[in-house]
Amino acid sequence: MKKIVGIFLVISLIFVSACAKQNVNKGNDDGKIIVTTTIGQIADAVKNIGGEKVIVNSLMGPGTDPHLYKATQGDIAKLEKADIIFYSGLYLEGKMLDVLERINTTKPTYAIAEAIDKEKLLSASGGSYAYDPHVWFDINLWKEALEVVKTSLIERDPDNKDYYEENTKKYFKQLDELRAYAVEEMAQIPDEQRVLVTAHDAFGYFGKAFDMEVMGLQGLSTDSEYGLGDVQNLVDTLVKRNIKAVFIESSISERSINAVIEGAKQKGHEVKIGGELFSDAMGEEGTEEGTYIGMYKHNVKTISDAIK
Ligand code: ZN
């Protein structure tokens, strides 16, 4: 009799613990954690850190400009379905803040870039920005932001702490290798060519990390229209400093940079398009550039090939 009661107890315990587990991960039937992110760079990191324990939805796909992006009805449904929400913050997703702040009252919602030590951020002057929000271009700062992803997943699912920690370690090792590759590749660019001209000021951290001067036609955001004066100023700088290449960005219309090229031409200075960079959005899913590491490598190679 004792034995039967014992077996019954064990079975009940297994049942109870299975239920408890289900409760922790109450995302969907598989017990996976449903994560919704704004930009693809965060989604990619969550896939790496969360592995098979997460289902990740990114609201902003290839070519999407996060400064201008407004949440659709479908996005709101995805946010409401999520167990955890990650966005970049520092006002990057300026037009989504209302929605994100509202969802923050009912769901764990994290602005991962806002966890970075403020001393390490580039400050911004004017506009709605206190800091430059394009932090993913400094790989070390990005790792700091991604600590939030790791700790939030562990908080949500403590039973798999080791798994998330191991995945983070692996991913960070790849990011360190990426950084080493970028340092080596960017070092090949001669001093007088170390100027990066793009459609908007997304590359401040990139420039700081690799000792490149950066110039954007538009400021940190794309929500203010650039004027003729901005085009003319940039043209004058290109001519005066004999800068030979400018870069387009996948999430911004080529029109602005073409106006600069045309303006330089009228002054007898030939400027070429050095290539397309992934600044605020990643490439197509399923391609190498559809990952953070792939897009970063693409940018480094495109820049160094064009101006070294
Ligand atoms: Zn931007």
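This is a predicted model: local features need pLDDT of at least 70, side-chain atom pairs count only at pLDDT 80 or more; totals for chains, interfaces and linings use all residues.
How buried are His200 and Asp280? Buried means under 20% relative accessible area. His200 is at 0% and therefore counts as buried. Asp280 has a relative accessible area of 2%, so Asp280 is buried too.

His134 comes from the loop between strand 4 and helix 5 (139–156). Its relative accessibility is 0%, so His134 counts as buried. The side chains of His134 and His200 are joined by a polar contact of 3.3 Å. Leaving aside residues up to four places away in sequence, His134 touches His67, His200 and Asp280, among others. Its contacts also include Leu92, Asp201, Ala202, Tyr205 and Leu220.

Four strands form an open sheet in the order 2-1-3-4, with parallel pairing. Which strands stand at the edges? They are strand 2 (54–58) and strand 4 (109–111). Each has a single partner strand, so one side of each lacks a neighbour in the sheet. On average, neighbouring strands are turned by 20° against each other, direction ignored.

Strand 1 (residues 33–37) and strand 2 run parallel and are joined by five bridges. Ile34 stands opposite Ile55 in strand 2. Thr37 stands opposite Ser58 in strand 2. Helix 2 (residues 40–50) packs on the sheet and touches strand 1, strand 2 and strand 3 (84–87). The direction of helix 2 makes about 175° with that of strand 2.

## Strand 1 from both sides

In a regular strand the side chains alternate between the two faces of the sheet. In strand 1, Ile33, Val35 and Thr37 point one way. Ile34 and Thr36 point the other way. All of these residues are buried. With five of its five residues buried, strand 1 is therefore largely enclosed by the rest of the structure.

## Two positive phi values

Leu90 is not a glycine, yet its phi is positive, at about 55°. Leu90 lies in the loop between strand 3 and helix 4 (97–103). Its relative accessible area is 9%, so Leu90 is buried.

Asn242 is another residue other than glycine with a positive phi, near 55°. Asn242 is found in the loop between helix 8 (228–241) and strand 7 (245–249). Is Asn242 buried or partly exposed? At 39% relative accessibility, Asn242 counts as partly exposed.

Terms used:
Residues are numbered from 1 along each chain as its sequence is written. Side-chain values use heavy atoms; hydrogens and water are left out. Buried means under 20% relative accessible area, exposed over 50%, partly exposed in between (1.4 Å probe, protein chains only). Two strands pair if DSSP finds at least two bridges between them. Axes are lines fitted to C-alpha atoms, for helices over the stretch in contact, and angles run from 0 to 180 degrees between N-to-C directions. Contact means heavy atoms within 4.5 Å. A polar contact is a pair of N or O atoms within 3.5 Å; within protein, one must be able to donate a hydrogen and the other to accept it, and residues adjacent in sequence count only if both atoms are side-chain atoms.
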